[in-house]
Amino acid sequence: MSSLAGMGHLSLDQAPPLAIPAIFFVTAPVAVMAAGLLLLWSGTFALQLYWLPSVVGLTHLGTLGFLTMTMMGALYQMAPVVAGAPVPFIRLAHLVYLLFCLGVAFLSLSLMGLWPGLIFQSFTLISAAILLFLATTGVAIVKSKTQGETVAGMRLALFSLLMLVLLGLTMAGGFVDNSFLGFRQFWLQIHISTALMGWVGGLITAVSWQIIPMFYLTPQFTAVGKKAVLGLTTAGIILPLAVLMASAVAPPNTGGWSPTMLAILGALPAALGVWLVHPYLILRNLNRRRRKRLDPSLRFWQLGLTLAPLTGALAVITCFTEDPRATLLFGWVAIWGWAGIIVHGMLSRIVPFLIWFHRFAPHIGRMPVPAMRNLLPDAWVKFGLGLHVSSLVLGAVAIAMRDPGVSRVTGFLVFSTGLSLLHWIVHLLRQKPDLEVVDEGFSTDEQGLGRSG
């Protein structure tokens, strides 16, 4: 495998068992399907006011159930392979998975009013899962001796995830007894910027430096560009947290500026890095790729990165209007558009690669081995992209019009997107080599093997 483009510096021999990332990847589409069912059931109610429990539930099905579930699975794979940091007690990943699944399920059921008494248990389970994840995977990456912007970006993402746990626990207590140190909007602003630009954006940028050249044969990114994105993102995460800490110690002398506005201004560097500079660098390199074959997964990256500046623009608009539809549209485009489409596309590349690497690559030269691109039909990936884009556009219309019929059609499309994603992930996980033909005289030259596609 080391002979494949862009893989010579990876520690593929340290990869975890396939079952570890696979259980996270196969569960993420279930959260998407649950979000679709929530929209089908509640209609406009789940796309109306961002502070309603149903909207909060829909949001966290996207951020925790889909994005974070996928990202945790990816980090279990990337820690040893990219950062050269084997995760200690790797089997604890199954406990992390169980606690996290239960926590997200309990949170969703509680916020939808189906089981209101589970809210405290959900926060406890989610926090326990993430802290256990950070104590193993996080510590391994932090202690890694591997240098470079990819590992540094992974560390920033994990730091943001830790801050999210602490912010989430504090906010949960504040909502119960109204004990916020300042306005709720102030805490929400920092929570949102840390989640979207630190945790999600930090990991997307870190992963992109590695997999874009490897899978799409683009030129390597310059160190200057990567450091610029990393520096801007780091500043945009640290500054709002500094405002929060200063407000907790004593009300700062802001010269008439509210702490919320200071937190927004502090997050601007991260917004520039994640939603403007990074998309520009990636799209520029994709246009310079050596392989011009149109890979369906490439379309996800192109569309998601194109939506990034729109996400940033919508974030700015929310600061100057009190119309709740602006906030809802920003969240919809950020979670299901920019981040959701990129993560969907990454799954369509990473899962086939893992199946090929774990199950077929060891038999090269001993039996016929399919090219990686042949494991997943392009038509299935294109169909999933069509569903995803249709649901994104229709969801934006539903938010603008507040039409229950459009909202329910959106829910059906979101559910179908999750079902399509689940279908082909299960299909891939069922792919295994026919071991009956091993050692029957096949040669690597005869098969044209060893090409990942």
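Visitor: What should I know about the model itself?

Guide: This is a predicted model, in which local features need pLDDT of at least 70 and side-chain atom pairs count only at pLDDT 80 or more, while totals for chains, interfaces and linings use all residues. Residues are numbered from 1 along each chain as its sequence is written, and side-chain values use heavy atoms, with hydrogens and water left out.

Visitor: What makes Asp 323 count as partly exposed?

Guide: Buried means under 20% relative accessible area, exposed means over 50%, and partly exposed is in between (1.4 Å probe, protein chains only). Asp 323 has 28% relative accessibility, so it counts as partly exposed.

Visitor: How many salt bridges does the rule give?

Guide: The count comes to four. One of them joins the side chains of Glu 149 and Lys 226 at 3.6 Å, N to O. That pair links distant parts of the chain, with Glu 149 in helix 5 (residues 149-177) and Lys 226 in helix 7 (residues 223-249), 77 residues apart. Glu 149 also meets Lys 227 in a salt bridge, at 3.1 Å, N to O. Lys 227 is in helix 7 too, 78 residues from Glu 149.

Visitor: How do you know whether Glu 149 and Lys 227 are buried or exposed?

Guide: Set the values against the cut-offs. Glu 149 has 12% relative accessibility, so it counts as buried. Lys 227, at 51%, counts as exposed. Lys 226 is buried, like Glu 149.

Visitor: What makes the aromatic pair of Phe 24 and Tyr 97 edge-to-face?

Guide: Rings of Phe, Tyr and Trp (its six-membered ring) pair if their centres lie within 6.5 Å; planes under 30 degrees apart count as stacked, over 60 as edge-to-face and the rest as tilted. A search of the whole structure finds nine aromatic pairs. Among them, Phe 24 and Tyr 97 lie 5.5 Å apart, centre to centre, with 80 degrees between the planes, which makes the pair edge-to-face. Phe 24 is in helix 1 (residues 19-42) and Tyr 97 in helix 3 (residues 92-111), 73 residues apart. At 0% relative accessibility Phe 24 counts as buried, whereas Tyr 97, at 22%, is partly exposed.

Another edge-to-face pair is Phe 215 with Phe 353, at 5.8 Å centre to centre and 70 degrees between the planes. Phe 215 lies in helix 6 and Phe 353 in helix 10 (residues 324-360), so this pair ties together parts that are 138 residues apart in sequence. Both Phe 215 and Phe 353 are buried.

Visitor: How many helices and strands are there in the protein?

Guide: Helices (H or I, at least four residues) and strands (E, at least two) are DSSP runs, numbered from the N terminus. The protein comes to 13 helices and zero strands. Of its 453 residues, 56% count as buried.

Visitor: Which residues make the contact between helix 6 and helix 9?

Guide: The axes of helix 6 (residues 184-216) and helix 9 (residues 296-318) come within 13 Å and cross at roughly 145 degrees. Axes are lines fitted to C-alpha atoms, for helices over the stretch in contact, and angles run from 0 to 180 degrees between N-to-C directions. Contact means heavy atoms within 4.5 Å. Ile 204, Ser 208, Ile 211, Ile 212 and Tyr 216 of helix 6 make the contact with Ser 297, Leu 298 and Trp 301 of helix 9.

Visitor: Why is Thr 260 called buried?

Guide: Thr 260 has a relative accessible area of 15%, so it is buried. This residue lies in helix 8 (residues 259-286). Thr 260 touches Gln 185, Phe 186 and Gln 189, not counting residues up to four places away in sequence.
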